[in-house]
Amino acid sequence: MAQVRRPMMAANWKMNKLIREAEEYVAQLLPRLIDNEGVDVAIFAPFTCLQQIGRMTQATPIVVGAQNFYFEDSGAFTGEISAPMLKDVGAEAVIVGHSERREIFGETDEMVARKTSRAIGAGLLPIVCVGETKEERDTGEMWDKCSGQVQSVFEELDKKVRGDDIVFAYEPIWAIGTGDMASPEDSQAAIGKIRALLEELRGEQFASQVRILYGGSIKLENIGEVMAQKDVDGGLVGGASLDPVSFAGLVNATLSS
Ligand code: PGA
């Protein structure tokens, strides 16, 4: 039986917005969302804004998430934030292994795997990002890179983890912040292969439950065609999520596609 996966539209603010700006954003976003039932809306905000966003969205189904954390729960890790700390400020989800963390901050596949496993253990929904560089795509190494990133996550993951405990995001690095989105066919091809790999690793039921998002230069003009692809379950949006009117438009477009 075909599994119906609930779409997810997620805003990744990256290192943007002060608390006052986050408040204005949420105040403008909420009245613009036409239907809370058909799509999971998530906001991945800087640590400093999480508590306030949580308060403002308490009576709504909006998922509040962080963009990173460290896999140990406490101790001598100066500057780091743990999963229990995220829970403490009301976060319900966390982005893991975004390419900016991998490339700028040196996160390895092994760290991403440990973070994913710890997030789930702590009751946070991890959005695990994978994707290839332009060079890897051009030299035919794209699938090696993406499949390696997905596979390494499962080296750490408990067998009891269910498909709906984890979300993946396919984000080709060359498409992030460039305006150069992957074509809907290419997104479907990559995401379909990731789902087939998940089936190999954990079976059909698991694979059919996992939501896999596309990320990279999503805008209102191109969201419809990407969401129409059968294995694409939503979007992780950077630039176009910073404006509440634009992000509300993307959420509402997801419902109609
Ligand atoms: P973009 O970023 O939408 O600005 O391309 C996506 C992301 O980095 O998650």
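Modeller: A quick word on terms: axes are lines fitted to C-alpha atoms, for helices over the stretch in contact, and angles run from 0 to 180 degrees between N-to-C directions. Helices (H or I, at least four residues) and strands (E, at least two) are DSSP runs, numbered from the N terminus. You're looking at a predicted model, where local features need pLDDT of at least 70, side-chain atom pairs count only at pLDDT 80 or more, and totals for chains, interfaces and linings use all residues.

Colleague: Got it. How are H1 and H2 oriented to each other?

Modeller: The axes of H1 (residues 19-29) and H2 (residues 47-56) come within 9 Å and cross at roughly 30°. Angles under 35 degrees count as roughly parallel, over 145 as roughly antiparallel, 65 to 115 as roughly perpendicular and the rest as oblique. So H1 and H2 are roughly parallel.

Colleague: And what is the hand of the crossing of H1 and H2?

Modeller: You call a crossing left-handed if the near helix is turned anticlockwise from the far one by less than a right angle, and right-handed if clockwise. For H1 and H2, that makes the crossing right-handed.

Colleague: Which sheet arrangement do the eight strands make?

Modeller: They run S1-S2-S3-S4-S5-S6-S7-S8 with parallel pairing, where two strands pair if DSSP finds at least two bridges between them. S1 (residues 8-12) and S2 (residues 40-44), for one, share five bridges in the parallel sense. The eight strands together form a closed barrel.

Colleague: Which residue of S2 is the bridge partner of Met8?

Modeller: Met8 falls within S1, residues 8-12. Its bridge partner in S2 is Asp40.

Colleague: Which strands does H8 touch?

Modeller: H8 (residues 184-202) packs on the sheet, and its direction makes about 150° with that of S7.

Colleague: How do H5 and H7 lie relative to each other?

Modeller: The axes of H5 (residues 109-121) and H7 (residues 142-156) come within 8 Å, crossing at roughly 50°. The crossing is right-handed. H5 and H7 are therefore oblique.

Colleague: How many charged residues are in the contact of H5 with H7?

Modeller: Asp109, Val112, Ala113, Arg114, Thr116 and Ser117 of H5 meet Gly148, Gln149, Ser152, Val153 and Glu156 of H7. Three of these residues are nonpolar and five are polar, and the charged ones come to three.

Colleague: What kind of aromatic pair do Trp13 and Tyr25 make?

Modeller: Six aromatic pairs turn up in the whole structure; rings of Phe, Tyr and Trp (its six-membered ring) pair if their centres lie within 6.5 Å, and planes under 30 degrees apart count as stacked, over 60 as edge-to-face and the rest as tilted. The rings of Trp13 and Tyr25 have centres 4.7 Å apart and planes at 75°, so the pair is edge-to-face.

Colleague: Last one: where is Lys17 found?

Modeller: Lys17 is not a glycine, yet its phi is positive, near 85°. Lys17 is found in the loop between S1 and H1.

Definitions and conventions: Residues are numbered from 1 along each chain as its sequence is written. Side-chain values use heavy atoms; hydrogens and water are left out. Contact means heavy atoms within 4.5 Å. Ala, Val, Leu, Ile, Met, Phe, Trp, Tyr, Cys and Pro count as nonpolar, Asp, Glu, Lys and Arg as charged, and the others, Gly among them, as polar.
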